[in-house]
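Welcome! Take a moment to look over the sequence and the fold before reading on.

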Amino acid sequence: MAPPRIVLGIESSCDETGAGLVQGGRLLGHAVASSMDEHARFGGVVPEIAARAHVYALNPVVRRALDQAGLRLGDIGAVAVTTGPGLSGALQVGLAGAKGLAYALDVPLYGVHHLAGHVAADTLEHGPLPDPCVVLIVSGGHTSLLLVRDLARDPIAHLGDTLDDAAGECFDKVARVFGLPYPGGPAVDRAAREGSPDAVAFPRPLTGPRDDPYAFSFSGLKTAAARWAESHRGGELPVADGAAALQEAVADVLTRKAVAACAAHGVGTLVVVGGVAANSRVRSLAEERCRAAGITLRVPPLGLCTDNGALIAAVGDLLVRAGAEPAPLDVSIDPSAPLEYAALHPVGAFARAA
């Protein structure tokens with residue numbers, strides 16, 4: 001029996017250029033280049049700067065991933081690439097590079113939904129996902145509760161999504177008000193270590209008895225934090241206390257709803273993924289509440305929480321082993337693609353973006 005194909009994954013949806021190599025569920029190597037420092041002075045990602053950075057970084061990142069794995073280009077048996085959602089220019093750079101490699105190597109190409117990549121990232125550390133499992137995706141642009149069965153074959157059921165600001169977006173915007181650097185998530189986490197989570201009574205949005213039990217909203221929390229900061233105008237702002245209280249509010253809402261979803265659907269495993277899964281309080285409170293509820297918690301290691309090529313290669317590897325159809329030659333991008341399936345093969349540029 002022939003060994004599984006080695007899958008190269010390429011990620012370029014935002015400000016990280018990533019390449020990863022996966023074979024049979026095993027991560028062989030991956031590399032990431034970030035243009036984050038170039039965006040920091042603007043307080044957020046500038047699409048044109050991100051796209052230009054991907055152009056310069058893509059080939060070196062692929063080469064570094066291959067070198068780390070001890071492989072050559074000729075060893076690649078399939079290429080997977082993020083085709084959405086994300087910044088349109090950034091996605092175009094990654095797709096163009098992936099198409100060129102797949103054509104030159106005469107191997108199949110798979111378009112991948114970025115968020116499915118975050119889900120698949122956990123398989124590189126903990127093995128196949130239980131069928132079913134509840135997945136909490138928390139990142140800069142997305143906060144969702146999902147019911148996942150066979151990631152490569154089955155549709156992904158949405159239990160709840162963010163109605164406005166995602167958790168990571170809340171961290172970024174409040175961090176700016178608090179005078180903390182970009183990106184806000186890690187800055188808030190660091191500042192919170194010196195503060196008290198009980199110092200400020202920030203609200204827990206959409207946790208009332210009549211609210212949607214699985215929907216998320218963080219715009220009101222963001223506003224409450226901004227007003228609290230304004231109330232200290234002219235005096236010293238207790239940033240550490242504000243950061244700790246904000247972090248506690250976000251972690252409380254996320255983990256409370258995720259554990260409730262597991263209980264309501266009779267699911268014994270919760271998987272927490274995405275950039276905000278790297279937050280120390282989200283991880284510790286999830287562990288505490290899952291332990292109390294008898295739920296198995298799976299969280300990828302920190303290096304696999306943020307955007308990288310390994311997570312895209314992981315989805316590509318699952319698709320290849322499931323016998324999924326490769327992408328058509330005219331596959332395009334979908335910058336606003338909803339998460340329905342792991343494979344994402346849109347045809348017709350900017351169909352949803354128009």
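This is a predicted model: local features need pLDDT of at least 70, side-chain atom pairs count only at pLDDT 80 or more; totals for chains, interfaces and linings use all residues.

## A strand to start with

## How β5 connects to β4

Strand β4 (residues 78–84) runs parallel to β5, and five bridges join the two. To find one of these pairings, look for V79, whose bridge partner in β5 is L109. Between β4 and β5 the chain passes through helix α3 (residues 88–105), making a right-handed β-α-β crossover.

## The whole sheet

Now step back to the sheet itself. Its five strands are arranged in the order β3-β2-β1-β4-β5, forming an open sheet with mixed pairing. At the edges stand β3 (26–34) and β5, each with a single partner strand, so one side of each has no neighbour in the sheet. On average, neighbouring strands are turned by 20° against each other, direction ignored.

## Helices on the sheet

Helix α2 (residues 47–69) packs on the sheet, where it touches β1 (7–11), β2 (16–23) and β3. The direction of α2 makes about 150° with that of β3.

Helix α11 (residues 309–321) also packs on the sheet, touching β1, β2, β3, β4 and β5. The direction of α11 makes about 40° with that of β2.

Conventions: Residues are numbered from 1 along each chain as its sequence is written. Side-chain values use heavy atoms; hydrogens and water are left out. Two strands pair if DSSP finds at least two bridges between them. Helices (H or I, at least four residues) and strands (E, at least two) are DSSP runs, numbered from the N terminus. A crossover is right-handed if, with the strands pointing away from the viewer, the path from the first strand over the helix to the second runs clockwise. Axes are lines fitted to C-alpha atoms, for helices over the stretch in contact, and angles run from 0 to 180 degrees between N-to-C directions. Contact means heavy atoms within 4.5 Å.
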